Each structure stands twice: as structure tokens, then as C-alpha cells.
Amino acid sequence: MGGVLDFITNTLGGLWSDSGLRSLFADGGWKNLIMILVSFVFMYLAIAKGFEPLLLLPISFGMLLTNLPMAGLYHPDLWVLVDGHVNYGEVLKEGGLLDILYLGVKLQLYPPLIFLGIGCMTDFSPLIANPKSFLLGAAAQGGIFFTFIVAGLLGFTAAEAGSIAIIGGADGPTAIYVSTRLLTGGGAITTGNIALAAYTYMALVPIIQPPIMKALTSKKERSVKMEQLRTVSKTEKIIFPIAVTIIVSLLVPSAAPLVGMLMFGNLLKESGVAARLIDTAQNALMNIITIFLGISVGATTKAEQIINLKFGGVMLLGVVAFSLGTACGLIFGKIMYKVTRGKVNPLIGSAGVSAVPMAARIAQKVGAETDPTNFLLMHAMGPNVAGVIGSAVAAGVLLSVIG
């Protein structure tokens, strides 16, 4: 009888020692529990509130999986650079499911493929019809470079400062692309930190932007009605992606992967001869990559790398970067308002950040609140799509400067 009891006791003891519950209630396990609860909050925001659900839901579930003790799905130590390189052989041999999926992030495959899908869905006609929109899209990237300087002054390394600053572009894939290139994986700031901050602020665009827009513009400026945009020919639409690819790649080679895939997708769309490729790029491929990108980025949000003061700094500087980007676009819009003697509504400058088409819709909404007969959406789409190109170029500049 004693032997049976000993067997049962040993068996139960072994099950307990091998279970995640023991780790969850051990020293430091409370951090995992907090991150699991945070993942529930993000799931709620994605499902019940519709905040960026296509990416926030996979990210939040990846956050849940990676913080389940002893699940062995993701191993941060495998991604620490040794002599400047990741041991990919070790990742394939010892890595879990999420480590394998994260290869697509670390090798910079997922973000350019996301840009391919975005290119297939983007109409650059408002930008082509009003090339001055390029200036507004460029101005809105000022938040990135101002924040880069501020983060450096606050003691962040150049790589950390660049990764934080790119949040100001309000472009999740670009933020992920830059952070995976710059961060070594061994510090307190990870790609997961950056992605979490970037998508949080992208979801909060309708809350963050309107107060800044109203504070920096007068009622008279917000009431400006702009002239209808001209019709853009098919030839212009075909030449545009080719020309942008050549010009940007020659000026900022580091931006070529993102801009090149964005413009390739747009060329497929505008050519009118690749319906099957367009359908695959903007549907099946886009959906698959979005799932892989979201859940693998969520996997990098390990408790020990999120619950620290540096992540608080990332969140604080992230909102500073995004707010400054919005403000820079608005200020340049006011300059154009003065130069054109009231023909440009400064509100469209706020759409120069890369949150397409949300930022353009916010410009329309704030303008309509001042004058319900004012329709700014198409005018705001010009700076908005210019911001997509601008954030990719800004990313290339940061990568070139930091190395």
C-alpha cells in the first residue's frame, strides 16, 4: 500500500514541478500573470472596440502564448547577437513554434510583403494630382527625427532611439522592420516593445490627433474649401511607382525593400493586367503574413522585457513622436495656407503620418465639424499616402545613419 501511495505522491509531485502553474506562482511569476492579463485587455480592445483587430488580435494572442510559463514557444536567448550575428542553426534546432515564425520578422521578410499588399490596395491618384502633398507627407516625418534626438539626449542608445523614433511614422510594419534591423535582442527594448507602442498609438489616432489639430489651427483655416483634384491618367499611374522606386532607391538605398515592394504592388494594381496576382497579394498573402507577423511579434513581449522602466520610456516617447509628427504636418500645412493665400486647408497636413486611411478620415471629420459642407477626404489622402512613402524613406535614413 505504501508503495502505491509513494508512486501517486511522486507522480503528482512530478506533474506539479513540470507544470506552468508552479512557475506562475513562483518568484517573478507575477510578471507573467500581469502580461497575460494585459493580453486579455488587448484582445478586448481588438474584438469589442475594433482597435486594429487584424494585427492587435494576433499580437495579443502571441503575448498570451509567450507568457505562459514553460510552454517553450519562444526563447529570447536564441535571438541575442553573438559576434554580431544570430545563430539561425540553433534557432531551427532548439526553437519553438513562435521562434520559427519569428524568423520572417528577423530576416525582414514580413514587413516588405505587407507593403506589397498595401501597394495593391493604395490609390496614389490624390498624390499624383497634387504633388505638393509630398511636402506635407515629408514634413510629418519631422516627429521621427525630433524624437530620435530627444531619445538620444535621454540616454537611449542610437539603435534604441531610432527604433523608438520610427513610431512617429504611425506605420506598424515600418516600425517592426527598423527595430529588427537595429535591436540586438539582448536589451530591455525589443521589437515587441516597439510594435506594441506603434499599434497602440495607431489605434488611438482618433483620440490623439483632433486636440492637436484644433489647437494649432484657427476656425478660419479649418473652414477652407479646396479646389477639386484633377483627373489622373492611367499613364501617370503606371509611371509613378516606377519613378518613385528608382528615385528613392538611388537616394536612400536602405529604403528600397519597403518602397520597392510598395510600388511593385501599386504597379500590379494600376497595370490592369495582373488581376490574379493582385487578388493573391491583397488577400491570401496579406492575410497569411499578417497572422504570422502579429503572433510572432506578440511573442517577443516577454514579461521581463515589458515590465520595466525602459518600456515606460518607449510608450512616452512613442506618443511624443506621433504627436510631433502630426504637429509638423499641421505647421507645414499652415505655411502652405499662407503661401497659397488661403487655398490649402492646414488640416490635411495632419494626414501626413502613415496611418492610412484613418488619418485622412480624421482630417475630414475635424473639417466637417467646422463646416459640414467641407469635403477634405480626397485632399487629405494625398499627404496620407505620401506619409507611407515618407515613413519608409525616414526608416532608410535612420538605418543608414545608425548602421
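1. Some ground rules before the details: "buried" here means under 20% relative accessible area, "exposed" means over 50%, and "partly exposed" is in between, using a 1.4 Å probe and protein chains only. Helices are DSSP runs (H or I, at least four residues; strands are E, at least two), numbered from the N terminus. This is a predicted model, in which local features need pLDDT of at least 70 and side-chain atom pairs count only at pLDDT 80 or more, while totals for chains, interfaces and linings use all residues. Residues are numbered from 1 along each chain as its sequence is written, and side-chain values use heavy atoms, with hydrogens and water left out.

2. Start with helix α11 (residues 158-165). Seven of its eight residues are buried, so the rest of the structure largely encloses α11. The buried set is A159, E160, A161, G162, S163, I164 and A165. These residues pack against α10 (142-153), α12, α13, α20 and α22 (377-402), where a contact means heavy atoms within 4.5 Å.

3. Helix α6 (residues 97-106) is another one to look at. Eight of its ten residues are buried, so α6 too is largely enclosed by the rest of the structure. Those buried residues are L98, D99, L101, Y102, L103, G104, V105 and K106, so you'll find a D and a K on the buried list, going by the cut-off of under 20%. The cover over them includes α4 (53-66), α5 (88-94), α7 (110-121), α12 (172-182), α13 (191-203) and α18 (275-299).

4. P357 is in the loop between α20 (309-339) and α21 (358-370).

5. Where does N67 sit, and is N67 buried or exposed? N67 is in the loop between α4 and α5, and at 0% relative accessibility N67 counts as buried. Its side chain reaches the backbone oxygen of M63 at 2.8 Å. That is a polar contact: a pair of N or O atoms within 3.5 Å, where within protein one must be able to donate a hydrogen and the other to accept it, and residues adjacent in sequence count only if both atoms are side-chain atoms. Leaving aside neighbours within four places in sequence, N67 is in contact with N32, M35, I36, T301, K302 and A303.

6. K334 is in helix α20 and is partly exposed at 25% relative accessibility. A polar atom of the K334 side chain lies 3.0 Å from the backbone oxygen of L216. Setting aside neighbours within four places in sequence, the contacts of K334 are L216, T217, E221 and P346. K334 and L347 are 13 residues apart in sequence and 8.4 Å apart in space, C-alpha to C-alpha.

7. On to charges. The structure holds seven salt bridges, each a side-chain nitrogen of Lys or Arg within 4 Å of a carboxyl oxygen of Asp or Glu. One of them joins the side chains of K214 and E369 (3.2 Å, N to O). K214 is in helix α14 (residues 205-216) and E369 in helix α21, so this pair ties together parts that are 155 residues apart in sequence. K214 is partly exposed at 40%, and E369 is partly exposed at 44%.

8. D371 and K225 also meet in a salt bridge (3.8 Å, N to O). Since D371 is in the loop between α21 and α22 and K225 in the loop between α15 (219-222) and α16, the pair links parts that are 146 residues apart in sequence. D371 counts as buried at 18% relative accessibility. Another bridge pairs E236 with R230 (2.8 Å, N to O). Salt bridges that share partners join K214, K365 and E369 into one network.

9. Last, the cysteines. A search of the whole structure finds zero disulfides, a disulfide being a pair of cysteine sulfur atoms within 2.5 Å. C120 is buried at 2% relative accessible area, and C328 counts as buried at 16%.
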